[in-house]
Amino acid sequence: MPDSLTRAVRWDTVVGALFVVVLLLSFTTVDGFGNALNLSFLIGNTLPIALIALPMTLLVVSGEIDLSVASTAGLSGAVMGALWNQGMAIETIIPLCLLLGVVCGLVNGLLVTRLGLPSLAVTIGTLAAYRGIAQIVLGSDAVTDFPSAYLDFAAGRIGDTFVPYAFLPFLVLLAIAVVALHATPFGRSLFAIGAGEEAARFAGVRVRRQKLILFTVTGLMSALTGVFWALHYASARYDNATGLELSVVAAVLLGGIDFDGGRGTLGGAIAGVFLLGALQNVMSLRDVSAQSQIVVTGALLVLSVLGPRVARQIAVARAGRRAATAPDPKTPAPTS
Amino acid sequence: MTHPSDTGPAPVLALKGISKSFGAVRALRDVSLELFPGEVHALAGENGAGKSTLIKTLAGVHRPDAGQVLLDGAPVVFHGPGDARDAGIAVIYQEPTLFPDLSIAENIFMGRQPRRALRRIDHRATREATTALMKRLGVELDPDRPARGLSIADQQIVEIAKALSFDARVLIMDEPTAALTHSEVARLFGVVRALRDQGAAVLFISHRLEEIFDICRRVTTLRDGAWIASEPLDGMTEDDLIRRMVGRDLAELYPKQDVTPGEVALSVRRLTREGVFTDVSFDVRRGEIVGLAGLVGAGRTEVARAVFGIDRRDAGEVEVDGRRLTNGAPSTAMAAGLALVPEDRRAQGLVMDMSIERNIGLTGLGATVRAGLMDRGAERSRSLDWAVKLRVKYARIADTVNTLSGGNQQKVVLAKWLATRPKVLIVDEPTRGIDVGTKAEVHRLLSQLAADGVAVLMISSDLPEVLGMADRVLVMHEGRLTAEIPRTDATEETVMAAATGRAA
Ligand SMILES: Nc1ncnc2c1ncn2[C@@H]1O[C@H](COP(=O)(O)OP(=O)(O)OP(=O)(O)O)[C@@H](O)[C@H]1O
Ligand SMILES: [Mg+2]
């Protein structure tokens, strides 16, 4: 198994195991955690992070990042509210919001690929800009009177199960993202770009085009998340989803996606997302304040950058020890 | 200082019974070596024989699993390259390790810049010292230029300057000449001889055997990590040395087949990139191998990049098989049947953290697809096929390429491009860092490709290689094509004259 894969798989396993431990502990020790209603809340509240984590994973794998996602979501929600107030039909509004997301993503992508600016800087700038526009668009209004069919879909669950309706389309998107990253030439090229951009270019990979596509899709998914957020919480405000980018990045890195690019799996990223979601759910049940929750998210972010590195060091040390005791050059090295 | 003629019995640096393994790969097995003051000692061996590992062990980069390093007869343990340097050992590693954002001068004097009052760095002194070093080496490089964007040859020069910048008692050079042309090598050897005459001990690695015979007095040969012999070069022939390295006799080094050239496959017209090269026009026909010669910095690599579309051209046209190539688009160049094996394998040729399989697969992303999805079986068999054809020495195809020796990395780059079955193949230093045996294989391969109708443009700093393989030699000098010499007239003299601008 390739080194990079072994490492990623190992960290994936760590995160997956951690997720299981947290679930088990929560089921047994946290009152009110295990019932279907709470679990559906957990999933529903985590979906915004999960939705944006899909394209974010692809971006980080290719060595870029987008911090403007939460602002794009907020802008999309604000525009949705403003247009609804104007009396436009929801069936027209939603496509317009998604289109807006595409534009937001394109702007990021063009600034990064055409002007060669670092995506961290560009998207910190648009993080502020998109949020500012959202405030201009909607002011301090809160729009809540969306059609109930839409609200029910975004907040409801299938019968008495723990599965929210919205979870099903998410699974479809997840499947698409997994295939795109791990089973198509496009995904292959993203890993190559992240691990060695110049070599990828010399191999004919259209680096700028791929990145532009990624930023655009990220904008689209962020806008979709903004629409979902406004419906799920039945409230379109300019400050919707504020700070969500922190959770998304934390979850993706926690899932073993290397911040330097070129390494990671979507499975790991999604495990990271739901681990974070479960922790946030438990903290809410335990009445941990929102501020403390942010502290925990921040701590996880640090852990997630450190974790894979420490795991790698251990792997290297083990390989070294193995080398010292390797008895015979013919024996293949054990894959661990 | 010891005089070169009476080296005496005391080696300044010695290795005794060194072994070193990486996982299951035993890179060195019980290797011993003695370096005497006032001698230039060659270290020879095929790709992956363990030469670089030996040097890294000596310099404290790797810790040996067994054995000792002796300095002036006393055992020492270096904990890192810094320790070795403090002991007066200067090392030039095979792959340049410059800081891209620092200037050439800062790179050379990293961590030991001349100081002014209050420990401030004396930039002027640093710059002047750098200029002096460059003069010694006979190259013109601006000390203030950042290392980013330097060609491999220039990077190598900077590494050499770095090693020369402190008075080392022991100078160790791992393939310093691999990217250099004859004239830079001659300069380097001048400097090395002077150091040797002052009593320094020099360990020299090169796959160009004529260089070994030119400057070295003794040679130690490694094969598959094992010590084979340490002996004087006097009275040995190149064939003797090859037999030591390879363990058998070698077929012809330049197996050039005679081919009648076909139609024009690559046509370059008035290609210009401002300030880099001007008005470059040439054709390469099917079946032809055209050599592109010139000094370091003449613009050969830059022409290749612009032809392939890595850099945009300011003027001119490129056609492959009559199809005009879009400016600045390698993907369309590839689709038209063009392939470029770039000069810098670590940055441009390979994604170092990816596996051999994926690296070779990278040029086949369009080919190993079924219904829009990667066909992993097809990808693996394509990669395996070419890795085996080029005899890449690896443990597993899924190993990352950074675990391969330099020469084997180069083979992976070749494999990755030959796998695209190009109509026109541009190779930039195709045998840089490749051992003689493999070099002969690569030459046979290029010759075979040409015989099969591929048009080959070969950029090489290895003049014998150009003369041995090319049907025609194009020569560049300061960004212009100055001569076109047919095979029958191409000699070291005619090519060098055009390359230095004397004949134009
Ligand atoms: N860091 C490493 N991890 C695993 N294997 C390694 C590592 N470094 C070297 N090797 C292996 O050790 C062997 C010797 O490699 P080394 O680089 O010393 O060869 P070399 O003689 O310098 O070859 P070349 O002429 O190609 O530079 C090779 O089989 C190589 O794959
Ligand atoms: Mg080497």
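Trainee: Hi! Which backbone nitrogen does the side chain of Asn327(B) reach?

Mentor: Hello! In this predicted model, the Asn327(B) side chain comes to 2.9 Å from the backbone nitrogen of Arg313(B).

Trainee: Where is Asn327(B) found?

Mentor: Look at the loop between strand E15 (323-324) and H10 of chain B. Leaving aside neighbours within four places in sequence, Asn327(B) is in contact with Asp311(B), Arg312(B) and Arg313(B).

Trainee: Okay, new topic. What coordinates the magnesium ion (ligand 2)?

Mentor: Two chain B residues are listed for the magnesium ion: Ser52(B) through OG and Gln94(B) through OE1, at 1.9 to 2.1 Å. Ser52(B) sits in helix H1 (residues 51-58), while Gln94(B) is in the loop between strand E6 (89-92) and helix H3 (104-108), so the pair ties together parts of chain B that are 42 residues apart in sequence.

Trainee: Are Ser52(B) and Gln94(B) buried or exposed?

Mentor: Ser52(B) counts as buried at 18% relative accessibility, and Gln94(B) counts as buried at 12%.

Trainee: Let's move to the two chains. How many residues does the contact take from chain B and chain A?

Mentor: Chain B gives 36 residues and chain A gives 31 residues. Together the chains bury about 2,700 Å², with 61% of that on carbon and sulfur atoms.

Trainee: Which residues form a salt bridge there?

Mentor: Arg188(A) pairs with Glu379(B), and their closest N and O atoms are 2.6 Å apart. The count between chain B and chain A is 1 salt bridge. There are also 6 residue pairs in polar contact across the interface, with both residues at pLDDT 80 or more.

Trainee: Which elements of chain B touch chain A?

Mentor: Among those that give two or more residues are strand E1 (13-22), helix H9 (300-308), helix H13 (376-389) and helix H14 (406-418) of chain B. By class, this side of chain B has 19 nonpolar, 9 polar and 8 charged residues.

Trainee: What is Gly262(A) in contact with, leaving aside its neighbours within four places in sequence?

Mentor: Gly262(A) is in contact with Val60(A), Val61(A), Phe191(A), Gly194(A) and Ala195(A).

Conventions. Residues are numbered from 1 along each chain as its sequence is written. Chains are lettered from A and ligands numbered from 1 in the order in which they are written. This is a predicted model: local features need pLDDT of at least 70, side-chain atom pairs count only at pLDDT 80 or more; totals for chains, interfaces and linings use all residues. Side-chain values use heavy atoms; hydrogens and water are left out. Contact means heavy atoms within 4.5 Å. Buried area is the accessible area (1.4 Å probe) that two parts lose on being put together, summed over both. A salt bridge is a side-chain nitrogen of Lys or Arg within 4 Å of a carboxyl oxygen of Asp or Glu. A polar contact is a pair of N or O atoms within 3.5 Å; within protein, one must be able to donate a hydrogen and the other to accept it, and residues adjacent in sequence count only if both atoms are side-chain atoms. Helices (H or I, at least four residues) and strands (E, at least two) are DSSP runs, numbered from the N terminus. Ala, Val, Leu, Ile, Met, Phe, Trp, Tyr, Cys and Pro count as nonpolar, Asp, Glu, Lys and Arg as charged, and the others, Gly among them, as polar. Donors are N, O and S atoms within 2.8 Å of the metal (3.2 Å for Na, K and Ca); water is not among the atoms, so sites may look incomplete. Buried means under 20% relative accessible area, exposed over 50%, partly exposed in between (1.4 Å probe, protein chains only).
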